[in-house]
Amino acid sequence: PSGEMFADGVRLAGLDLLAKNRIKEGLPLCVSLMEIERWGKKNRITGCLESLARYGGAARPMLPQLRQMEKDLRAHREAKSLQSQIESLGKIITNIESGAGAVELRSLN
């Protein structure tokens with residue numbers, strides 16, 4: 001588990017770099033890295049949400065997965081301690097739906 005914990009830091013730093021540079025391939029990573037059933041989820045989810053917020057309305061294609069993630073988090077056995085992350089995700093979903101802060105995306109391809 002400790003190896004995974006340190007790997008999370010590297011993954012989140014990479015995800016942040018992708019988001020800062022508006023790289024399209026970072027969007028699905030924002031969702032997949034949340035891994036709500038793995039140890040250390042609170043910090044990992046927070047980092048993923050911070051990166052996701054940088055995409056603004058450009059993250060519209062991710063809305064179905066984000067809505068499902070919100071439902072999963074609300075039903076999670078640790079939902080009470082994840083309330084801050086659930087609220088942040090709800091705000092991000094609202095911003096994406098409104099198209100607020102949409103950025104032009106670039107691709108690695």
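Author: Let's start with one residue. E50 counts as exposed, because its relative accessibility is 53% and the cut-off for exposed is over 50%. Keep in mind that this is a predicted model.

Reader: Which helix is E50 in?

Author: E50 sits in helix α3.

Reader: And how far apart are the C-alpha atoms of E50 and S98?

Author: They are separated by 18 Å. Along the chain, E50 and S98 are 48 residues apart.

Reader: What about S51, buried or exposed?

Author: S51 is buried, because its relative accessibility is 2% and buried means under 20%. S51 is also found in helix α3.

Reader: What does S51 touch, not counting residues up to four places away in sequence?

Author: With those left out, S51 touches L15, D16, A19 and C30.

Reader: Switching to confidence. What is the mean pLDDT of the chain?

Author: The mean is 91. Of the chain's residues, 94% reach 70 or more.

Reader: Where is confidence lowest, and where is it highest?

Author: Lowest is helix α1, residues 2–20, at a mean of 82. Highest is helix α4, residues 63–75, at 97.

Reader: OK, packing. At what angle do the axes of α4 and α5 cross?

Author: At roughly 155°, and the axes come within 10 Å. Angles over 145 degrees count as roughly antiparallel, so α4 and α5 are roughly antiparallel to each other.

Reader: Is that crossing of α4 and α5 left-handed or right-handed?

Author: Left-handed.

Reader: Which residues in α4 and α5 meet?

Author: From α4, they are L63, L66, R67, M69, E70, L73 and R74. From α5, they are Q83, I86, L89, G90, I93, I96 and E97. By class, this contact of α4 with α5 divides into 8 nonpolar, 2 polar and 4 charged residues.

Reader: Now α3 and α5. At what angle do their axes cross?

Author: Roughly 15°. Here α3 is residues 41–55 and α5 is residues 83–98, and their axes come within 10 Å. The cut-off for roughly parallel is under 35 degrees, so α3 is roughly parallel to α5.

Reader: What is the handedness where α3 passes α5?

Author: α3 passes α5 in a left-handed crossing.

Reader: And which residues meet there?

Author: K42, I45, T46, L49, L52 and A53 in α3 meet Q85, S88, L89 and I92 in α5. The contact of α3 with α5 has 6 nonpolar, 3 polar and 1 charged residues.

Reader: Where does R22 lie?

Author: In the loop between α1 and α2, with α2 being residues 26–32. R22 counts as partly exposed, because its relative accessible area is 40%.

Reader: How about phi of E35?

Author: About 35°, again positive in a residue that is not a glycine. E35 lies in the loop between α2 and α3. At 34% relative accessibility, E35 is partly exposed.

Reader: Next, G26. Buried or exposed?

Author: G26 is buried, because its relative accessible area is 0%. Its place is in helix α2.

Reader: What does G26 touch, setting aside residues up to four places away in sequence?

Author: On that basis, G26 touches L15, L18 and Y55.

Reader: And how far apart are G26 and L12 in space?

Author: 11 Å, C-alpha to C-alpha. In sequence, G26 and L12 are 14 residues apart.

Reader: Last one, R60. Where does R60 lie?

Author: R60 lies in the loop between α3 and α4. At 40% relative accessibility, R60 counts as partly exposed.

Reader: Which residues does R60 touch, not counting those up to four places away in sequence?

Author: With that exclusion, R60 touches I96, E97, S98 and G99.

Reader: And what separates the C-alpha atoms of R60 and A102?

Author: They are separated by 9.1 Å. R60 and A102 are 42 residues apart along the chain.

Notes. Residues are numbered from 1 along each chain as its sequence is written. This is a predicted model: local features need pLDDT of at least 70, side-chain atom pairs count only at pLDDT 80 or more; totals for chains, interfaces and linings use all residues. Side-chain values use heavy atoms; hydrogens and water are left out. Axes are lines fitted to C-alpha atoms, for helices over the stretch in contact, and angles run from 0 to 180 degrees between N-to-C directions. Helices (H or I, at least four residues) and strands (E, at least two) are DSSP runs, numbered from the N terminus. Angles under 35 degrees count as roughly parallel, over 145 as roughly antiparallel, 65 to 115 as roughly perpendicular and the rest as oblique. A crossing is left-handed if the near helix is turned anticlockwise from the far one by less than a right angle, and right-handed if clockwise. Contact means heavy atoms within 4.5 Å. Ala, Val, Leu, Ile, Met, Phe, Trp, Tyr, Cys and Pro count as nonpolar, Asp, Glu, Lys and Arg as charged, and the others, Gly among them, as polar. pLDDT is the predictor's confidence in each residue, from 0 to 100. Buried means under 20% relative accessible area, exposed over 50%, partly exposed in between (1.4 Å probe, protein chains only).
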